[in-house]
Amino acid sequence: MGDLETCMESLKRDLAKALISSDIFASDGLSLLSYNSQEAAAAFFSELSVQMREALGSSALPQIQDYYLIELEEKSLVLVLCDNEFMWSMLIDGRQLSLGMLLNVIIPKYLKAFKAVVS
């Protein structure tokens, strides 16, 4: 998956109806590429990531490494893949995709592709 556009198109195919929206953005919240973007989602997740890193930094807990996953109401899931300068957020309908498929197939596949493109 050579570039960000290819990664996004592949994700849309793999997740199909399970993918509600997705944004690839710089760490400052500036959106680079989106699919069915939720207004201000990139800025929100950028700020949330900064706050979580600061909170973890001031505690005895380890830092976020490659991603974090949040379960929302109505079986919605937010997955954020993290790199030093870029992030990729995905809003996923958890009723359309099993957690096992997400953790064992989707995350490894797209984390590898994302890191290869932005690193």
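Tutor: Buried here means under 20% relative accessible area, exposed means over 50%, and partly exposed is what falls in between. Please keep in mind that this is a predicted model.

Student: Okay, which are the buried residues of H1?

Tutor: In H1, the buried residues are Leu-4, Cys-7, Met-8, Ser-10, Leu-11 and Leu-15. They lie on the same side of H1, because the arc they cover around the axis is only 165 degrees.

Student: And what covers the buried residues of H1?

Tutor: The cover includes strand S1 (19-26), strand S2 (31-35), S5 and helix H3 (99-118).

Student: What happens at the start of H1, and what just after it?

Tutor: At the start of H1, a side-chain oxygen of Asp-3 comes to within 3.3 Å of the backbone nitrogen of Glu-5, while just after the helix Ala-16 adopts a positive phi of about 45 degrees.

Student: How far apart are the end C-alpha atoms of H1?

Tutor: They are 16 Å apart, which agrees with the 16 Å that the 12 residues of H1 (residues 4-15) should span at 1.5 Å a residue.

Student: Switching to charges, how many salt bridges does the count come to?

Tutor: The count comes to five salt bridges. One of them joins Glu-9 to Lys-12, with the closest N and O atoms 3.0 Å apart, and both residues lie in helix H1, three residues apart, or about one turn of the helix.

Student: Which salt bridge links distant parts of the chain?

Tutor: Lys-115 and Asp-66 meet through their side chains in a salt bridge at 3.3 Å, N to O. This pair links distant parts of the chain, since Lys-115 is in helix H3 and Asp-66 is in the loop between H2 and strand S3 (67-71), 49 residues apart. Both also belong to a network of salt bridges that includes Asp-83.

Student: What about Asp-93 and Arg-95?

Tutor: Their side chains form a salt bridge as well, at 3.1 Å from N to O. Asp-93 is buried, with a relative accessible area of 11%, whereas Arg-95 is exposed, at 58%.

Student: Last one, where does Ser-89 lie, and what does it touch?

Tutor: Ser-89 lies in strand S5 (residues 86-93) and is buried, with a relative accessible area of 4%. Leaving aside residues up to four places away in sequence, Ser-89 touches several residues, among them Ser-21, Asp-23, Phe-45 and Leu-79.

Technical notes: Residues numbered from 1 in each chain as written. Predicted model: local features only at pLDDT ≥ 70, side-chain atom pairs only at ≥ 80, totals over all residues. Heavy atoms only, no water. Helix = DSSP H or I, 4+ residues; strand = E, 2+ residues; numbered from the N terminus. Buried < 20%, exposed > 50% of the residue type's maximum accessible area, 1.4 Å probe, protein only. Contact = heavy atoms within 4.5 Å. Expected span 1.5 Å × (residues − 1). Arc of directions from axis to C-beta. Polar contact = N/O pair within 3.5 Å; in protein donor to acceptor, adjacent residues only side chain to side chain. Salt bridge = Lys/Arg side-chain N within 4 Å of Asp/Glu carboxyl O.
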